[in-house]
Amino acid sequence: MNRWQWIDGRRAAGSGSGSGSGSGSGGVHEILVGGEAINASGSNIRLYDGGQQTSFEDGQVALTPYRIIWWRGAEQWMHLELRHVSHVSHTAATFFGSPKLILHFTQLEHPLPRAVAATSSEAMTKISFRNRDENTVTAFHHGLLAVLAAQMWLTQPIDLNPSCPTPAGGAIHAAGNESNSASTGAVSQAAPVTLTGSGTGGIRRVVKQTETSLAAADSSLQEAFSGDLQGLQSKASELLALAAKLSARVQDEDNAAISQQLEDYLLSIGIDNPVVRDKQRPAVCPRRFPDSLANRFIPDDLTWKCGYRSFIDNWLKNCQRSCPPSWPRFAAFFFYTPVVTLIFVLWRAVAAWPARVDSRSLFSPDHILARLTRYMQHNGVLAVTDLYCLYNRARGTELLSPNDVLHACEQFEPMNLPYQLRVFSSGVKAVEARAANGAGQFDHTAMMDMVQAQGYLTAGRLARLKSISAVVATELLLVAETAGWLARDESTEGLRFYPNYFLHPRTVAASA
Amino acid sequence: MEALEEAPWEYSFPPFFTLQPNEETRRRQLATWADWVLAYTKRANINRLVVADAPQMELFSNRAIARSLNADGIRSVLDYLEQRGNLEWIDGGTSCLLIWQSPARWAQLLYDWAVRTGNTDTVCTFYELREGESTESEPFHGIDAEMLRKAVAALQREHKAELIQMNDAPNDLEDGIKFF
């Protein structure tokens, strides 16, 4: 009953006609607004809320191009705007039941003002013609079908509540004669009593409103998300184009410093740049540079994933649109899904063939070594976790597992590569450059110079200065302390490390 | 404050106030601490140290660099001093005697004073020796009672003096010493 709305019946009541009897339309003409005309009418009408009988019985009903008006006596007037009706069906009279018209509602987005019931779980209403007069029902039904087809409310909208007064409109008539004020008093009471009586408290209304707005937010979010993915795809390719352009230009200008900077930057966002690399880095061991990796996969994979998913989604939606599914469609669904998937997988395999060849040597340290070499140029020590992240980030797909990376790192030393895995006392694992003598000790002289120059070092400061992770920096400081190079200073300001002047007194006693 | 003038350079070196985990470094650190504590207490003429008050002493904290040795550190330093024989725990470990000068040396100073001022064959009370006007310019003026007893015991062994006890229990004010 939340589509039925109370209307102001004062004008009809004021005309003095319209008692509940007879098939005439009575005072209903006073209700009509400009452009409305009565197409069909009936009497002895009972309304149903879904399948439930309501107390609105023995009323009259009138059909206009815009709405269905139901009224009983002079007091109770309500209407149902036809814009809320999606379609109508007809139930013929049975031995027990009177003929009914069933009006199915469209989705209601906002609660209607002055609704007979604020909420209702029913998506339809029934108009029961208790007179069992099939001619009236048929006429009404045909009229209804005609006005629903015409959809006048879309082409020539009119205001159905021209003077939308409060339900308690009796105050205006308070100065009228006794009988009138009595009848309008009944109206002003009837409406609110019914409202509260059908359980339409404020909280339920708020809940309903929240649900509606949530649903709206959800749908707009979905739209935004699908839009974002497309945006991301185009951005990724733009970014790559920009990177390629930049590196080409840098190469033209032959500026080593800028090119170095660019390369570092590109690496930090996970884009490999073969152009700069080939030119600037004959590097430590040129033959170990694999020419595979990220840039081929990043845009490609994005488009592939998005394209594939939306294709499958759309296709599934199309398959399931009719409910229940017809058998041929159902069978097609099960038949085509594996076929389509298979085609995509094959296509992927062909497209990614070079990567497959590449991945045969995936677990060799060579790949990791290539990436490592660049980071180690100025850093010296790299935590294995960081190596794992940097490496996989640059690859984009075809990711290595942490165990594989660790295993590869363990192979550095047996394979006589210039790096080795180092396990610190706390268990942190890092890769460090192996010194020429094979000792593999971190260069403490560099750190000591730094400490002397800075006065003291914290893990954070060392990490910044050497561009290493704070975890590794802490470990290095602890190692140097154990070796007696540094002395710690623990205070509220944190853990600092000073040169160990206890064991190695400073030669210049100036800073004291 | 003047005692601080003798502070070693380590006193301004922040790691000095953190116990070093490295064994060798810590040994060197504690040795420096021990020397510093004795130098300071000697200069300030302190014999007794209450452990609970130690963290507030400028000896263990340097306001200029906002560093102080924590309770563990102080305990380690004092234990180290005990190992070296420069410290003796008293009052059930809540305070300690700092022996930057041996009791025999104190005894010598006391006896020299008694001879010089003609106090031999007389009885001087502990109070007189520690707080009296006649000893104001002496190094043992204000000496800790516990240390004084050790010095008297040393004199007794040499038969140069005798402890005169007024009551059964030791009394730091009324007990006296008779120099021979």
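This report walks through the interface, sheets and salt bridges of a predicted model.

## About the model

Because the model is predicted, local features need pLDDT of at least 70 and side-chain atom pairs count only at pLDDT 80 or more, while totals for chains, interfaces and linings use all residues. Residues are numbered from 1 along each chain as its sequence is written, chains are lettered from A and ligands numbered from 1 in the order in which they are written, and side-chain values use heavy atoms, with hydrogens and water left out.

## Where chain B meets chain A

Let's start at the interface. Here 16 residues of chain B are in contact (heavy atoms within 4.5 Å) with 19 residues of chain A. The two chains bury about 1,500 Å² between them, 62% of it on carbon and sulfur atoms; buried area is the accessible area (1.4 Å probe) that two parts lose on being put together, summed over both. Trp9(B), Phe13(B) and Arg67(B) supply 33% of the area that chain B buries against chain A, more than any other three residues.

Arg67(B) also pairs by charge: its side chain meets that of Asp489(A) in a salt bridge, at 2.8 Å from N to O. A salt bridge here is a side-chain nitrogen of Lys or Arg within 4 Å of a carboxyl oxygen of Asp or Glu, and the rule finds two of them across this interface. There are also eight residue pairs in polar contact, both residues being at pLDDT 80 or more. Such a contact is a pair of N or O atoms within 3.5 Å; within protein, one must be able to donate a hydrogen and the other to accept it, and residues adjacent in sequence count only if both atoms are side-chain atoms.

Helix α1 (residues 23-44) of chain B gives the largest share of the side of chain B that touches chain A, namely four residues. Helices (H or I, at least four residues) and strands (E, at least two) are DSSP runs, numbered from the N terminus.

## Two sheets in chain B

One open sheet has three strands in the order β1-β5-β4 (chain B), with antiparallel pairing; strands pair if DSSP finds at least two bridges between them. β1 (48-50) and β4 (87-90) of chain B are at the edges with a single partner strand each, so one side of each has no neighbour in the sheet. Three bridges join β1(B) to β5 (residues 95-98) of chain B, and Val50(B) has Ser95(B) as its bridge partner.

The other open sheet has the order β6-β8-β7 (chain B), again with antiparallel pairing. Its edge strands are β6 (123-125) and β7 (161-164) of chain B. Three bridges join β6(B) to β8 (residues 176-179) of chain B, and Cys124(B) stands opposite Ile177(B) in β8(B).

## A helix and a loop-to-loop link

Helix α5 (residues 145-157) of chain B touches β1, β4 and β5 of chain B, its direction making about 50° with that of β5(B). α5(B) also lies across β7 and β8 of chain B, at about 130° to β7(B). Axes are lines fitted to C-alpha atoms, for helices over the stretch in contact, and angles run from 0 to 180 degrees between N-to-C directions.

Over all chains, the structure holds 13 salt bridges. One of them joins Arg130(A) to Glu57(A), with the closest N and O atoms 4.0 Å apart. Arg130(A) lies in the loop between β9 (124-129) and α3 (134-150) of chain A and Glu57(A) in the loop between β3 (52-53) and β4 (59-63) of chain A, so the pair ties together parts 73 residues apart in sequence.
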